[in-house]
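Visitor: I would like to take a close look at a single part of this model, and I would be glad of a careful explanation.

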Amino acid sequence: MKLNNNDLIRKETASSMTNHWVLAISCLLLTLSGFAFLFHIQSIGDLFGGFPMMRNIHNWLGVVFAVSLFLSMWNWLKECITFGYNDIEWCIAAGGYLGKFWKKKAPPMHKLNTGQKLFYLCLLIFGLGIIVSGFFIWLSPGFRTIMILAHFLHNVCFILIGIFLPIHIYLSTLGNPGTIRIMIYGTVPVWWARKKSQQWVEEIEEGHSH
Amino acid sequence: MTTKALLITPELCIGCRGCQIACKSWNQLSAEKTKNHGGYENPPDLTPNNFNKIRFMEVPSEKNPTRWLFVSQRCMHCKDAGCMKICSSPGALTRSETGAVVTNHEKCVGCHLCVAGCPFNVPRYNRKTNKLAKCTQCADRVPNGLTPLCAKTCPTGAIAFGDRDELLAKAQQKGYAKVYGEMDLGGLGTLFAFKDAPKIYGYADKPAINEFVIFWHKFLKPASWLGIGGMTALMGLHYLAVGPKKETQDKEEPTCLCGEKITESTEEREANHETKQ
């Protein structure tokens, strides 16, 4: 079955889009309130209804984040732990994102490219770290050593997620104009999918994948 | 106002625990049921309702079979305070004019990180109110010219209150060459005139904030800014230097990138064309 270039093809389902929205909003609000806790930013605290209220919101948003990160494994984990030779090529070409400075082109990718896969795995690993340490800080008053180590780990994971987050947001908005529609409609034009996820489109055309 | 301090001389203490009662009285702290575990020491530990307590310690001695020490335990009001470093809410822990570390329950978020950050294990977390609780060196009395009630109550002068420098000078006059807390952690607001090594009185020789807390404060906090801010800046630089990766359709057909409208497929178009004809 040959797909028409002007057709739209569904890349994300309603459930995976909802999953991403919940994950994204909770992650951003957690980052914002986390920064306010770290640097005592009063204005952000006021935005959340004062610091004591922000602490409750931060904790329960952490639960939302944890649940949606857990559920996200059904949506993306399988895709994100499947690596091939083209992933090495993608890394060498830096995804083709360096333009005139590094003219290597990105190889044909499956549904997600190497960068997206690695970002997801980073979020999963450091997200797990930040969730576990967060629960220890929340629920283990009195265990001084555990508290200090958990607080330490919480911040290390925060820094690591904070490094990858701007890349993810930039490449899905300004860096790749048009990509944001996956978050809104869940569909992409077939010609676009051919450029970004050639292997995936070919598999659909051959009838192997959905 | 000058920096004030409490000077505690364990050898003068008779273990009457009047300071414990006075503290409860002034701070309106309720009594707590405790268990008798075979000693005079009571309550067994600092709690959200006990801001200070006398530790009863039996240590070996040359003259007597045992030497009984009564050592006051309470917030040390460190100048370089671990609790203030790790506190996550502005204004929950503040420095008073007289150098005391003061708690503000309204601002406290109840994260109980200060409990972990304190090198002396002093602050206590109240599970019921979800707030921290500790000695404030009677921050509501001192600015009004009153002495902290524990010092006022003490019948033997084991707890003395006054200007920090004067207290240090007095202790040195009395023959205490080294006052515990004179230099530790930037200078403590609760000084101890120990005759022997601090260890005998249950205090660390060199109190220090946990290395993890210091590393976090010095490096991880700035790294949080640098990580997210630096990456955002780098992405901005990429946008300017390299620019977005625009994908264009090879054929000259109209794209449907921005609309919801799904263009009909070639087969459908041909079928429609045929029916129209």
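In which sense do strand β1 (residues 4–8) of chain B and β8(B) pair, and over how many bridges?

Guide: What you see is a predicted model, in which local features need a pLDDT of at least 70 and side-chain atom pairs count only at pLDDT 80 or more, while totals for chains, interfaces and linings use all residues. Residues are numbered from 1 along each chain as its sequence is written, and chains are lettered from A and ligands numbered from 1 in the order in which they are written.

To your question: β1(B) and β8(B) pair in the antiparallel sense, over 5 bridges, where pairing requires that DSSP finds at least two bridges between two strands. Within this pair, B:Lys4 has B:Asp163 of β8(B) as its bridge partner. The two strands belong to an open sheet of 3 strands in chain B, with the order β8-β1-β9 and mixed pairing. Strands and helices here are DSSP runs, of at least two residues (E) for a strand and at least four (H or I) for a helix, numbered from the N terminus.

At the edges of the sheet lie β8 (159–163) and β9 (190–192) of chain B, each of which pairs on one side only. Direction ignored, neighbouring strands of the sheet are turned by 30° against each other on average. Helix α5 (residues 164–173) of chain B packs on this sheet and touches β1, β8 and β9 of chain B, with a direction that makes about 125° with that of β8(B). Such angles run from 0 to 180 degrees between N-to-C directions, and the axes are lines fitted to C-alpha atoms, for helices over the stretch in contact; contact itself asks that the C-beta atoms of two residues, placed from the backbone, lie within 7 Å.

As for confidence, chain B averages a pLDDT of 89, and 90% of its residues score at least 70; pLDDT is the predictor's confidence in each residue, from 0 to 100. The model as a whole scores ipTM 0.88 and pTM 0.88.
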